[in-house]
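Open the structure in your viewer and set up a selection tool. The stops below say what to select and what is there.

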Amino acid sequence: NDVMITASRIFLSSLNDESPISDSLQFIICCVILDASSSDAWYKYDDNSKNEIKQNIMEITYNFNHTKNVSEKLDQIIANISFNEWPENLPDFLPLMQNFLDIYVESKSTQGIFNENSTHVYRTLFYFLKLISASTKITLKRRSQLLEIFISNLPDFFQSIFKECSLNMES
């Protein structure tokens with residue numbers, strides 16, 4: 001029952017070690033967490049455990065670089081967790097995604113440094129919207145409510161996206 005929390009702890013601690021686990025093992029851990037986060041197993045965890053898992057996954061995703069396969073799985077995990085928790089238990093999901101995008105834009109504009117954060121944000125939002133639109137776990141009314149809340153947050157994202165686009169045109 002503790003598979004997600006244990007897996008996220010192992011993954012995070014290995015990234016902080018001098019000898020991190022292999023890309024293949026990172027991918028397998030991501031697959032385990034992804035499977036558990038997309039099932040009803042997510043709801044068996046208490047709030048403290050879910051918060052720790054969310055924090056670990058966010059730190060793993062946004063503070064370290066990964067292979068494309070691992071990055072894609074991490075983005076799917078964040079989308080699954082957000083689908084399960086947002087907006088009631090994860091009200092800061094969209095502001096957090098925008099913050100990661102803003103950090104990317106800022107680092108690119110002031111320091112000329114590229115990082116994966118914008119790709120993570122766009123991919124996570126893609127997977128998240130795909131879950132909302134295709135899930136059989138939610139009612140049509142709930143789907144409509146989630147999309148309405150998401151759409152109401154788009155103007156804030158557009159500002160960051162336009163800033164990123166203008167930076168890309170200058171490059």
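**Whole chain**

Start with everything selected; this is a predicted model. Colour by secondary structure: the protein chain has 8 helices and 0 strands. Along the sequence, the pattern reads α-α-α-α-α-α-α-α. Switch to colouring by accessibility, and 44% of the 171 residues of the protein chain count as buried.

**Helices α2 and α4**

Select helix α2, residues 23-37, and helix α4, residues 68-85. Two packed helices are described by the angle between their axes and the distance between the axes. Here the angle is about 20° and the axes of α2 and α4 lie 9 Å apart. Angles under 35 degrees count as roughly parallel, and α2 and α4 are therefore roughly parallel to each other. The crossing of α2 past α4 is left-handed.

Now show side chains at this contact. On the α2 side, select Asp23, Gln26, Phe27, Cys30, Cys31, Ile33, Leu34 and Ser37. The partners in α4 are Asn69, Val70, Lys73, Leu74, Gln76, Ile77, Asn80, Ile81 and Asn84. By residue class, this contact of α2 with α4 divides into 9 nonpolar, 6 polar and 2 charged residues.

**Salt bridges**

How many salt bridges are there? The count comes to 7.

Select Arg9 and Glu52, whose side chains meet in a salt bridge with an N to O distance of 2.6 Å. Arg9 belongs to helix α1 (residues 3-16) and Glu52 to helix α3 (residues 47-63), so this pair ties together parts that are 43 residues apart in sequence.

Move to Glu85 and Lys50, which form a salt bridge through their side chains at 3.6 Å, N to O. Glu85 is in helix α4 and Lys50 in helix α3, so the pair ties together parts that are 35 residues apart in sequence. Buried means under 20% relative accessible area. Glu85 is buried, with a value of 3%, and Lys50 counts as buried at 7%.

Next, select Arg142 and Glu88, where the side chains meet in a salt bridge at 2.7 Å, N to O. Arg142 lies in helix α7 (residues 140-152), while Glu88 sits in the loop between α4 and α5 (93-111), so the pair ties together parts that are 54 residues apart in sequence. Arg142 counts as partly exposed, with 22% relative accessibility.

**Last stop: a cis peptide bond**

Which residues does the cis peptide bond join? Select Trp86 and Pro87: the bond between them is cis, with omega about 0°. Pro87 is found in the loop between α4 and α5, the loop that also holds Glu88.

Methods: Residues are numbered from 1 along each chain as its sequence is written. This is a predicted model: local features need pLDDT of at least 70, side-chain atom pairs count only at pLDDT 80 or more; totals for chains, interfaces and linings use all residues. Side-chain values use heavy atoms; hydrogens and water are left out. A salt bridge is a side-chain nitrogen of Lys or Arg within 4 Å of a carboxyl oxygen of Asp or Glu. Helices (H or I, at least four residues) and strands (E, at least two) are DSSP runs, numbered from the N terminus. Buried means under 20% relative accessible area, exposed over 50%, partly exposed in between (1.4 Å probe, protein chains only). Axes are lines fitted to C-alpha atoms, for helices over the stretch in contact, and angles run from 0 to 180 degrees between N-to-C directions. Angles under 35 degrees count as roughly parallel, over 145 as roughly antiparallel, 65 to 115 as roughly perpendicular and the rest as oblique. A crossing is left-handed if the near helix is turned anticlockwise from the far one by less than a right angle, and right-handed if clockwise. Contact means heavy atoms within 4.5 Å. Ala, Val, Leu, Ile, Met, Phe, Trp, Tyr, Cys and Pro count as nonpolar, Asp, Glu, Lys and Arg as charged, and the others, Gly among them, as polar.
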